[in-house]
Amino acid sequence: MTDVGRPDDPAVVLVHGIGVSERYYRGLARELASDRRVLAPDLPGFGRSPRPSRVPTVEDLADVVLAVLRHRGIERATLVGHSMGSQVVAEAMLRAPDVVERVVLIGTVVDPAAPSVVRQALRLARDGLHEPAGVNAIVATDYLRTGPFWYSAVLPHMFAYDTAAAVSRLPGPALVVRGEHDPVSSRAWARRLAVLAPRAEVREVPGAGHVAMASHAPLVAGWVREPPC
């Protein structure tokens, strides 16, 4: 768990995607820590966190994030999720709308235009062309640490989760974000999510790929700080 910033500042929780860890959020965490308390956990089985005895679903991971807030004594927070992390924070808002005041969904999955594992993998492979070398290095080493067994075990839960249905029922405000060149989360998919959500807007990070918050941390930090729409 990374926990930076002043304890009394408004809280922001950064939730990573499948296969990776909180490491690619460190630039964004630094940007936000001047006036936010920033928490960035490694979800169970990823990064520095041990693997649980049972493969967690998206719903399980949402419960983990909410438990982190309870254990840290945080009553209200903005949740930022990337890729599968977007599913996790959306589910967390559905489960605890009194705690989650806003969600920021970055590079949200799973785009229905590429509903298979193979097609998603091909899109993800193309994304490396649009990421800085440092971001690619973090993602690649995190994937190696996760390993194919655990990645493959969690992946079906990501595909099984109905992101569109969850977003359509969000009780609070949402900001849908994608990189301009993100091949994983298309412009059409991001716009569809923004239309489905009762209170949402969509924004695009110029020149960015899938990991837009790592390559353009100052811009995304400014959006996270904005009051809810």
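The model is predicted, with local features requiring pLDDT of at least 70 and side-chain atom pairs pLDDT 80 or more, while totals for chains, interfaces and linings use all residues. Residues are numbered from 1 along each chain, and side-chain values use heavy atoms, without hydrogens and water.

H5 comprises 28 residues, 133–160, yet its end C-alpha atoms are only 32 Å apart, short of the 40 Å that a straight helix would reach. The expected span is 1.5 Å times one less than the number of residues, and helices are DSSP runs (H or I, at least four residues) numbered from the N terminus. Among the buried residues of H5 are Gly147 and Trp150, where buried means under 20% relative accessible area (1.4 Å probe, protein chains only). The elements listed below are included in what covers the buried residues of H5.

| Helix | Residues |
|---|---|
| H2 | 58–71 |
| H3 | 84–95 |
| H4 | 117–127 |
| H8 | 212–215 |

H2 and H3 pack at an angle of about 70 degrees, with axes 8 Å apart. H2 is therefore roughly perpendicular to H3, a class that spans 65 to 115 degrees. The contact (heavy atoms within 4.5 Å) involves residues including Leu66 of H2 and Ala92 and Arg95 of H3.

Leucine 66 is buried, with a relative accessible area of 8%. Leaving aside neighbours within four places in sequence, leucine 66 is in contact with Ala92, Arg95, Ala96 and Val100.

Notes. Helices (H or I, at least four residues) and strands (E, at least two) are DSSP runs, numbered from the N terminus. Buried means under 20% relative accessible area, exposed over 50%, partly exposed in between (1.4 Å probe, protein chains only). Axes are lines fitted to C-alpha atoms, for helices over the stretch in contact, and angles run from 0 to 180 degrees between N-to-C directions. Angles under 35 degrees count as roughly parallel, over 145 as roughly antiparallel, 65 to 115 as roughly perpendicular and the rest as oblique.
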